[in-house]
Amino acid sequence: MPAGRWSGSAMTKPPTPPAPDTLLQRNPHLEAVEMDGQTVMMDTREGCYFALDEVGGAVWTLLERPNSLKTAIDHVASRFDSPDREELENDIEAFLTDLLRRGLIERVA
């Protein structure tokens, strides 16, 4: 599922995975461009870069505005073939939890 190559600061303690209806959105300090089927992001505060595959990029684009884990799962399911809905749900939850841990997205209050 969403692949990422990470370069940069040390990882912190894993956050609690988001609930299905928790709203999430991108942190504004990241610049992103699409290149060769990947979304490449630069953290302007830390000087780190991140690259996401097509699925990860689709989720990233969705999080330009506040959206939930459930919406992200439904969005990916509608755009990409995934024979196993439970595996898709687990993958997207893990991906979003990782983005939260890295400070790339945040919960919306």
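**Close-up views of a predicted model**

**Figure 1. Helix α1 passes helix α2 in a right-handed crossing.** The model shown here and in the views below is predicted. The axes of α1 and α2, the latter formed by residues 69-79, come within 10 Å of each other and cross at roughly 135 degrees. That angle makes α1 oblique to α2. On the α1 side, the residues that meet α2 are Val 55, Ala 58, Val 59 and Leu 62. Their partners in α2 are Thr 71, Ala 72, His 75, Val 76 and Arg 79. The residues of this contact divide into 6 nonpolar, 2 polar and 1 charged. Residues three or four places apart in an α-helix point the same way, because the helix has 3.6 residues a turn.

**Figure 2. Helix α1 is largely enclosed by the rest of the structure.** The buried residues are Val 55, Gly 56, Gly 57, Ala 58, Val 59, Trp 60 and Leu 62. At the N-terminal end, α1 is capped by Asp 53. A side-chain oxygen of Asp 53 lies 3.2 Å from the backbone nitrogen of Val 55.

**Figure 3. Thr 22 sits in the loop between strands β1 and β2.** Strand β1 covers residues 4-6, and β2 covers residues 23-26. With neighbours within four places in sequence left aside, Thr 22 is in contact with Asn 67, Ser 68, Leu 69 and Arg 107. Ala 109 is 87 residues from Thr 22 in sequence, yet the C-alpha atoms of the two residues are 9.0 Å apart in space.

**Figure 4. Asp 36 has a positive phi, near 50 degrees.** Most residues other than glycine have a negative phi. Asp 36 is placed in the loop that runs between β3 (30-35) and β4 (38-43). Asp 36 has a relative accessible area of 82% and is therefore exposed, the cut-off for exposed being over 50%.

**Figure 5. Thr 97 is a buried residue of helix α3.** The helix runs over residues 85-101. Thr 97 counts as buried because its relative accessibility is 13%, and the cut-off for buried is under 20%.

How values were computed. Residues are numbered from 1 along each chain as its sequence is written. This is a predicted model: local features need pLDDT of at least 70, side-chain atom pairs count only at pLDDT 80 or more; totals for chains, interfaces and linings use all residues. Side-chain values use heavy atoms; hydrogens and water are left out. Buried means under 20% relative accessible area, exposed over 50%, partly exposed in between (1.4 Å probe, protein chains only). Helices (H or I, at least four residues) and strands (E, at least two) are DSSP runs, numbered from the N terminus. A polar contact is a pair of N or O atoms within 3.5 Å; within protein, one must be able to donate a hydrogen and the other to accept it, and residues adjacent in sequence count only if both atoms are side-chain atoms. Contact means heavy atoms within 4.5 Å. Axes are lines fitted to C-alpha atoms, for helices over the stretch in contact, and angles run from 0 to 180 degrees between N-to-C directions. Angles under 35 degrees count as roughly parallel, over 145 as roughly antiparallel, 65 to 115 as roughly perpendicular and the rest as oblique. A crossing is left-handed if the near helix is turned anticlockwise from the far one by less than a right angle, and right-handed if clockwise. Ala, Val, Leu, Ile, Met, Phe, Trp, Tyr, Cys and Pro count as nonpolar, Asp, Glu, Lys and Arg as charged, and the others, Gly among them, as polar.
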